[in-house]
Amino acid sequence: MKIDTTTWGKFSIGSLFTILNGKGITQEEVEDHPGTLPAVQSGGKDRGILGYIDIDYVKSRDYTTAFEPCLTVARSGTAGCVHFFDSGCVVGDSAKILLLKQKQSREVYLFLQTILNSLRYKYSYGRKVTSAKYAQEIICLPETSDG
């Protein structure tokens with residue numbers, strides 16, 4: 001399969017990604033249960049990472065997690081800000097996890113992070129990222145062809 005950069009197609013975010021809503025996780029929980037999993041909230045600084053939390057604690061609380069490459073998008077605050085996490089993360093209620101429906105390389109995730117960050121302006125002035133609205137956003141990407 002080759003990527004033809006002369007032919008770009010329109011794709012909805014919802015057709016490419018599964019969007020997972022975060023659940024309330026606090027700074028105190030991160031401090032009280034230190035570990036290795038990045039705990040992410042809304043924020044442009046430090047990729048939105050509050051700190052690193054214990055994986056077993058996160059699993060016991062049934063928080064929204066990914067243990068594979070993923071993107072996160074800030075729901076409020078720095079709404080629309082997208083970050084890449086190579087080995088997954090847990091997100092609080094002011095962020096969402098974006099998982100590609102088809103497994104892809106790190107480079108594809110980084111490319112998509114750049115494309116999705118171009119949408120940030122749409123979520124300025126207090127407009128929050130909702131799953132329904134974000135899933136309908138259209139982005140342009142190179143189309144693939146066999147050969």
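The protein exposes about 8,000 Å², and carbon and sulfur atoms supply 51% of it. Accessible areas come from the Shrake-Rupley method with a 1.4 Å probe; for residues, only the protein chains shown count as cover.

**Ground rules.** I am working with a predicted model, where local features need pLDDT of at least 70, side-chain atom pairs count only at pLDDT 80 or more, and totals for chains, interfaces and linings use all residues. Residues are numbered from 1 along each chain as its sequence is written, and side-chain values use heavy atoms, with hydrogens and water left out.

**Overall form.** I found five helices and ten strands. These are DSSP runs, numbered from the N terminus: helices are H or I with at least four residues, strands E with at least two. The C-alpha trace spans about 50 × 35 × 25 Å along its principal axes.

Buried means under 20% relative accessible area, exposed over 50%, partly exposed in between (1.4 Å probe, protein chains only). Of the contacts (heavy atoms within 4.5 Å) with a separation of 6 or more, 66% join residues 24 or more positions apart.

**Q113.** I then turned to one residue. Q113 sits in helix α4, residues 106-117. Is Q113 buried or exposed? Q113 has 18% relative accessibility, so it counts as buried. Leaving aside neighbours within four places in sequence, I list L71, V82, H83 and F84 as contacts of Q113.
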